[in-house]
Amino acid sequence: MIRAAVILLLLFFPSVMPLSGQDRSGGATRMTLDEAISKARESSVSALSAKASFVSSYWAYRSYQASRLPSLNLYGNLASFDRSLRQLQNYETGELVYTSNYNMQNSIGLAISQIVAFTGGRVSLYSDLSRIDEFGSGLGNTWYAQPVTFTYEQPIFAYNQFKWDKKISPKEYERARRAYIETMEQVTIDAARYYFELLLAKRNHDISCSNYRNTSQMHAVAGERLKLGSVTRDEYLQLELRMLNDSISMNETMIKVKEAQMVLNSLLGYDEKFEIEPVLEGNLPNVWMDYDMVMEKSLENSSFLLENEIKTLNAESDVARAKADRGASLSFNAKFGLSNSDAAFRETYRHLLDQEVVGITFSIPIFDWGLGKGRVKEAKAKAEVVKAEVEQAMNDYRRTVFTAVGQFNNQKQQCVASERAASIAEERYGLMMEKFRNGTASVTDLNTAQSENDEAAIRYLTDISNFWNYYFELRKLTLHDFMTDSDIEVDFRELLE
């Protein structure tokens, strides 16, 4: 019955049978790990999203820089026609009357203004010209000119947004630069992980096919030995059951290969029909990590410290805002310039009159039911929480780096040991098959050797995968290439083109 089931299974799934002399990769494209990583960094959705995020942060920073530069504006009011009744009050009698308004106004001006970031004030210089044309019984026109006018507005005891922007915005832009590199390093980590998952899936499938071939041969040998009485019926059935399981495993592992291939293709930007043949490169780089050096590079290059600094500054900014909103609000305003008005345009710019306007406006809360005090307390409490979170994050970060360094340094030796173990297990399995042919080994011994060989082969490939995963994780933490002993650099100008 078992033999019949095997035959039926192979008839329904002939594709899993390896053909002698056939290229296992078929029409697949051979691709190294470096090539897969390069393709992922170029074409993956994550890479494109990282670029878009950086470009957005760049223009936000450019907007901040532009806000601190002088701005020049042309303003005006053209052909503003007004024909209506307007309510007026006689200042002597208090009588309300409606009078006809029938005119058209035109004005144009040029203004330049500049923010004073240190104080939070704004200084402006402008020049404008207006003309009013009266229609109806009061036919005529009037010109009004302000050739030059200087204004200054200065809040006192107020929250200075420009001061805090100066502290925070450059750090946010630098964080965006580092975050882009970190995101690209995460793309590298994902590419390596999916690459080795495909490699493991293919290796599992190869093992299943190889096991089926070997078990089929041993099953035939067991059949001959069964006739001679050197193999029991139970041992013969064990091999037949193992052969059936191996045939099922071939189909299961083939599905796993296809799934892993599609996941990697999705990252690299290929469709599901594109086949990749990963290449196992056994030579691992001779790199040893020093914790102090890795920690120093991590704090120097990564976005971790900047992120904590920005959180702290934002918390301090909120406290400053709450304190400013709670207390007295004063504002100093000054205006100095020249002006004149006349029916003749030429006369408008002659005999100019001085104009000076200076004043202070204020608002002092007398009683607010503790609203301002509560907001200050709330902001301070949040700042304390942020401070504690930053300290905790630093401790956790140091532990993360320490663990990553330890894992990487141990993994190189682990790969050497597992490679040797795989070689020994493979050789032992070959010897055990030979002993079984000669009748000096049992089916149990053969099955044990086969299982140990399978486990050793997968363990070695898993250790290689872990080695590269640990290495790229350290690269992401430090933004440093340990093979070339240089910091990872990106041409950000090229990203903006």
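Is Asp 292 buried or exposed? In this predicted model, Asp 292 has a relative accessibility of 55%, and because exposed means over 50%, the residue counts as exposed. Asp 292 belongs to helix H6, which covers residues 291-301, and together with Asp 290, Glu 296 and Glu 300 it forms a surface patch of negative charge.

Lys 377 is found in helix H9, and its relative accessible area of 54% lies over the 50% cut-off, so Lys 377 is exposed.

A pair of aromatic rings is described by the distance of the centres and the angle of the planes. Phe 54 and Phe 492 form a pair with 4.7 Å centre to centre and 40 degrees between the planes, an arrangement that is tilted. Phe 54 sits in helix H3, residues 45-67, whereas Phe 492 sits in helix H11, residues 492-496, so this pair ties together parts that are 438 residues apart in sequence. Phe 54 has a relative accessible area of 1% and is therefore buried, and Phe 492, at 9% relative accessibility, counts as buried because the cut-off is under 20%.

A second pair, made by Tyr 471 and Phe 482, is edge-to-face, with 6.4 Å centre to centre and 70 degrees between the planes. Tyr 471 lies in helix H10, residues 443-478, while Phe 482 lies in the loop between strand S9 (480-481) and strand S10 (486-487), so that here the parts tied together are eleven residues apart in sequence. Both Tyr 471 and Phe 482 are buried.

The tilted pair of Phe 54 and Phe 492 can finally be placed in its surroundings, since both residues belong to one aromatic cluster. This cluster is formed by Phe 54, Tyr 58, Trp 59, Tyr 61, Tyr 64, Tyr 173, Tyr 180 and Phe 492.

Conventions
Residues numbered from 1 in each chain as written. Predicted model: local features only at pLDDT ≥ 70, side-chain atom pairs only at ≥ 80, totals over all residues. Heavy atoms only, no water. Patch = residues over 30% accessible without salt bridge, like charges linked within 9 Å, V, L, I, M, F, W, Y side chains within 5 Å. Areas by Shrake-Rupley, 256 points an atom, 1.4 Å probe, with all protein chains shown as cover. Salt bridge = Lys/Arg side-chain N within 4 Å of Asp/Glu carboxyl O. Lys, Arg positive; Asp, Glu negative; His and termini not counted. Charge placed at Lys NZ, Arg CZ, Asp CG, Glu CD. Helix = DSSP H or I, 4+ residues; strand = E, 2+ residues; numbered from the N terminus. Buried < 20%, exposed > 50% of the residue type's maximum accessible area, 1.4 Å probe, protein only. Phe/Tyr/Trp six-rings, centres within 6.5 Å; stacked < 30°, edge-to-face > 60°.
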